[in-house]
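Take a moment to look over the model below. Then follow the text through its aromatic rings and its packed helices.

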Amino acid sequence: MTQNHKQLFVHCVQVLNTYNVDTQSVEEHVNRYLKENGIFDESDQTFIVEVFSECVRYSNLMEVVLNGFYNKDGKTTLRSEQNLYHVICYLATFRLDELGMAHFRKFVSSQDINKMYRFLSFFLNERNLLTWIKDGWEKYYEHVFVQTSLLSPLQRWMPEIDDMLSLMKNTIDNRLKPKSRAGSVTETRPFNITQPRPRSIPVPEPIPKLKKHKPAPVTLYDKPVEIEMIQRTKEANRRRAEERLMEASRLQYACANPNKSQKTKEIISNIIYEEESKIDFEKHKANPTPAFLSREVPVKMNTAQILREGKLYQQREEEIIKKLENLEAGAKDASDFLKWQSEMRQKDLESKLADIERRRLGGKLSHEEAIFARQNLIKDNKQKVLEMKEETKQMMQEFLEKKFKEEKEMRNLVEETMQGHKNTKEATKKLKDYKRKIVQEVNEESKELMKQALEEAELEMRRKMELIHQIKAMEAVPIIRQKLVDLSESAGHGLLSEMSIAELRERVSLCKAAEKESEENRRDDILQNKEAKDQLLLNTLETISKHRLEQTRAAATRLETKKKSEPKKIELKDEKLTELQKKLEERKAQRMKEREAAKLGTKRNSADNRTRSLINQKKALEENRWRELELTQERAAKLMDGSLGKSKSASRLASNMVMT
């Protein structure tokens, strides 16, 4: 730790003060705070991060303690110091075993002693812990977790905590503790007790013996007869298959290939497909369209659709009326402006089309130039390859020289390591002695810890036994369970609006009658509203039908005007476009000339290559044929050796094959 206890405590409180749950995450806020305050030590960072994250996690537990403190003993304390008590409460409940009493005292003494004494005397009071604080914590967590993880560590440290609180009280009251005088140590004497007699060794019970099991039958380890029969049939079938294969290979044509080529198969499949297409007797005939699709079906409109469409037409009528009123008042017509707007749009369209054509021609020109650049690049690469080959030769020579040097160095290293192995034996002996000492120390510490654990377990068992006795005593008390009820009498709680059950029933009957009257009134209102709504829908439907008729007429007139006015083709006239077109044609012509010149050179080489490929194919076919003949002769020889004297037919076939 680079920082003292006071600085660490202040940082923990400051992190909680600057944290906002709604806008910030826990990790992001802590990392930002550590960077801003320049805390780079790993131990300090881990302590601050753990305290902050755990305080946020167990904030519900801390709030139970803090709310009780502010309501009882801390009425005069400031609410702004809430996070200070939050941190000290967390350290006392969760980190007291890890920190120890010495470090915890340093954290407490780093703050104001009056504030710390007031809060700790309230929080670490055993009566408060075991009553309302325990009940408040059990609302959020289970009883077992609260008892084992929260309360039992605090109860274990209670004697040391009481000493610390008494010392704090003495310092506040300006009282000094008197020095204790060293008294004489009492010497223990053993009791004069008669030694008990040794216990008699009980006679051991006889061990029951198990019955001998029957041995497994001998036939279990023998192979079944069926497996041998299957194996014989398999061998016989294999011999028959080999004989048939030999007959097939003997009777096969020596020169002609019976399989058809891929081209003939394609031609046959095409002929079959053409003939089958002519004979389509059972074609699937499509059903005719239903009669209801030919005529127009009226669409039933929803109430929401009727009202929406009616409102739309009403808005359009209002807009037309406003336009007419403005024209009457002296407003100008927008027809001239619209004509000018259409002309300007036409000009913009022509300019855009010219730009697109220019880009297209520019792209083609760049493509032609890229082809030329690629050809030049291929030439340059060939020269670079030759240079690289020369460099690789030089590099190989240098590599071989380096390899010889490294081998010499490795030999020297091997000799040095052999000498180092001799010194390691002495070091291993020293290490074994050191480890033995550590094991002895660990065994002694584990024995002490076991003693402490046994003492704590005995204390807990005693406390549980006391609680069980109390519960049993409470259960033994008799409970009166009979209750007499009078409906005309009130409960007797002393309230102004207190009534008996009979009066309440009369009130309920009156309330039901009033509810029935109100329901009838509501039904009358609903019927009136429905009638008004139906009338409104009928009126809107009439207006919609009128507007639709007018719209169909207007659409028909627009179609006639569109048919009369045919669109004119846009002609582009630009000098730059013509220049680009000429350049492109020149580049293409130049490229075609170079390609034709390259083709003339390659034609001569191609004829020689064809003749060579035909000769190679002929040689490959002959080699395959000879290889097949050799394989058939090898098979015949194997069969002759394997089945000699077993089957006459196989030997006859093999001799015929050898003759062929």
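Ring pairs join Phe69, Tyr70, Tyr85, Phe119, Phe122, Phe123 and Trp132 into a cluster. Rings of Phe, Tyr and Trp (its six-membered ring) pair if their centres lie within 6.5 Å. The model is predicted: local features need pLDDT of at least 70, side-chain atom pairs count only at pLDDT 80 or more, and totals for chains, interfaces and linings use all residues. Residues are numbered from 1 along each chain as its sequence is written, and side-chain values use heavy atoms, with hydrogens and water left out.

The structure holds 14 aromatic pairs. A pair of aromatic rings is described by the distance of the centres and the angle of the planes. Planes under 30 degrees apart count as stacked, over 60 as edge-to-face and the rest as tilted.

Start with Phe9 and Phe107. Their pair is tilted, with 6.3 Å centre to centre and 40° between the planes. The pair links distant parts of the chain: Phe9 sits in helix H1 (residues 5–17) and Phe107 in helix H6 (residues 96–109), 98 residues apart. Helices here are DSSP runs (H or I, at least four residues), numbered from the N terminus. Both Phe9 and Phe107 are buried. Buried means under 20% relative accessible area, exposed over 50%, and partly exposed in between (1.4 Å probe, protein chains only).

Which pair is stacked? Tyr58 and Phe94 form a stacked pair, 4.5 Å centre to centre, with 20° between the planes. Tyr58 lies in the loop between helix H3 (42–57) and H4, while Phe94 is in helix H5, 36 residues apart. Tyr58 counts as buried because its relative accessibility is 9%. Phe94 has a relative accessible area of 24%, so Phe94 is partly exposed.

Now turn to the helices. H4 (residues 59–71) and H5 (residues 82–94) pack at an angle of about 120°, with their axes 10 Å apart. Axes are lines fitted to C-alpha atoms, for helices over the stretch in contact, and angles run from 0 to 180 degrees between N-to-C directions. Contact means heavy atoms within 4.5 Å. Among the residues that meet are Phe69 and Tyr70 in H4, and Tyr85 and Phe94 in H5. The contact of H4 with H5 has ten nonpolar, four polar and no charged residues. Ala, Val, Leu, Ile, Met, Phe, Trp, Tyr, Cys and Pro count as nonpolar, Asp, Glu, Lys and Arg as charged, and the others, Gly among them, as polar.

H5 also packs with H6, at about 145°, with axes 8 Å apart. Phe94 in H5 and Phe107 in H6 are among the residues of this contact. By class, it has nine nonpolar, no polar and no charged residues.

Note on methods. Helices (H or I, at least four residues) and strands (E, at least two) are DSSP runs, numbered from the N terminus.
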